[in-house]
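Q: Could you take me through this structure? I would like to begin with its domains.

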Amino acid sequence: MNVPFFRPSISQADIAEVVACMESGWLTTGPRTKAFEEAFAQYVGAKHAIALNSCTAALHLALEAVGVRRGDLVLVPALTFAATAEVVRYFDAIPVFVDADPVTLCMDPVAAANTAAAIRRGERLPGMTLPYGPMKAIIPMHYGGQMVDVDAIAAVAREHGLAIIDDAAHTLPAHYRAGADQPWRAVGSTADVTCFSFYANKCITTGEGGMAVTNRDDLAERMRIMSLHGMSKDAWKRFSSKGSWYYEIVAPGFKYNMTDVAAALGVAQLARADELLAARASVAQRFIAGLEDVPEVDAPTELPDRRHSWHLFSVQLRLDRLTITRSQFIEEMKARGVAASVHWLPLHMQPYYIQTYGYAASDFPVAAGIWPRLVSLPIFPAMTDEEVDHVIGVVREVARQHSAPAKKG
Ligand SMILES: Cc1ncc(COP(=O)(O)O)c(C=O)c1O
């Protein structure tokens with residue numbers, strides 16, 4: 001049996017929406033994009049949603065809207081995807097990395113607090129090239145679909161006057177609460193701006209796409225204007241019957257709008273978001289039960305005050321209990337028909353960041369220590385029980401065959 005890393009879940013209803021859009025005579029940003037924005041804002045409990053062509057675009061627009069400028073400092077997780085930090089570099093601003101929490105793999109709020117306090121004291125941390133400006137923003141990322149400790153990050157942001165821009169590329173739906181007696185809060189309702197991805201393998205997809213959501217009118221207006229060439233507010237409607245041919249350019253904006261073809265798929269997928277999560281969560285529970293007694297492999301932990309999106313199921317190998325490396329483990333899985341992946345080589349260990357900022361791996365020891373142990377197993381809503389069981393069987397077999405003899409003492 002061959003199990004791919006991901007297979008998209010596209011229903012007949014999804015296809016029908018896209019076909020209807022193509023037959024409607026309106027392909028680019030229009031009524032379906034508006035409908036997607038409205039449904040999305042309501043789903044996550046935010047006032048505004050701006051549909052875009054990627055999460056990267058959403059992150060870029062969010063930083064622009066909160067006023068990040070050249071040389072400013074932005075706190076970014078060391079363990080994240082390229083996009084989270086590259087958007088800071090778009091401004092010639094400086095991403096200051098923060099180490100990971102070893103349990104959630106999200107940004108560690110204690111490390112974030114220490115980093116911000118050190119900067120405030122005037123310390124020059126690794127990566128802070130001269131000259132640098134003020135600290136402006138923090139970009140927590142919800143690793144794999146489990147939310148960061150939202151309140152702890154908010155406390156750091158409050159103390160240091162930072163805008164919070166959530167990288168929620170993995171996360172829909174997901175919830176956080178501050179304790180068992182506190183209300184659940186949905187991802188998208190807790191930050192200044194939250195940025196979602198609809199890339200092909202994400203929780204819901206539009207092929208490529210993203211959404212920026214916010215409760216702040218000023219940020220929403222700025223992001224909307226900058227998403228389409230800096231055209232004055234209503235310009236994007238200018239080809240519809242309601243619109244006017246006249247527009248003004250108020251800033252040198254970008255071209256980040258979502259097409260109606262993509263939004264048609266988005267509307268249909270959003271209607272299935274809970275169902276898709278339920279399917280991923282059942283795969284995750286089957287993995288957790290099937291790997292519980294494998295001493296060579298640590299499964300991910302869902303904290304009691306989180307509801308996980310289960311976009312990723314990243315296990316950590318106990319290399320001290322194995323005679324092979326992570327790469328060999330993945331090769332052995334591949335040879336048995338299971339595709340795996342790794343999320344990610346920490347950014348401070350990537351050539352660009354080493355060369356530009358002179359980072360050492362040991363600058364962020366948690367991220368650096370987790371990286372050689374990470375393996376993401378396939379997880380997607382359309383996965384059959386047989387496929388899940390095959391993955392479990394393969395992980396168990398590879399672990400058993402390469403188990404290191406127990407150390408004495
Ligand atoms: C954590 C994270 N942030 C941002 C992105 C970028 O998303 P997009 O491809 O929609 O720009 C990704 C994509 O995989 C991601 O994993």
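Domains, ligand and sheet

A: In this predicted model, 35 residues of domain 1 are in contact with 29 residues of domain 2, where contact means that the C-beta atoms, placed from the backbone, lie within 7 Å. The model keeps local features at pLDDT of at least 70 and side-chain atom pairs at pLDDT 80 or more, while totals for chains, interfaces and linings use all residues. Residues are numbered from 1 along each chain as its sequence is written.

Q: Which elements give two or more residues to the side of domain 1 that touches domain 2?
A: They are strand E6 (175-176) and helix H8 (260-270). Helices (H or I, at least four residues) and strands (E, at least two) are DSSP runs, numbered from the N terminus.

Q: Where are the domain bounds?
A: Domain 1 covers 12-270 and domain 2 covers 273-401; such bounds come from an automatic or database domain assignment. The C-alpha centres of the two domains lie 26 Å apart.

Q: Turning to the ligand, how many residues surround it?
A: The ligand is surrounded by 14 residues, and the closest are Ser-54, Cys-55, Thr-56, Ala-169 and Ser-197. A residue is near if its C-beta atom, placed from the backbone, lies within 6 Å. Helix H3 (55-65) and helix H4 (82-89) each give two or more residues to this shell.

Q: And the open sheet: what is the order of its strands?
A: The order of the 3 strands is E7-E6-E11, with antiparallel pairing; two strands pair if DSSP finds at least two bridges between them.

Q: Which residue stands opposite Arg-185 in E7?
A: That residue is Tyr-176. E6 and E7 are joined by 2 bridges.

Definitions and conventions: Contact = placed C-beta atoms within 7 Å.
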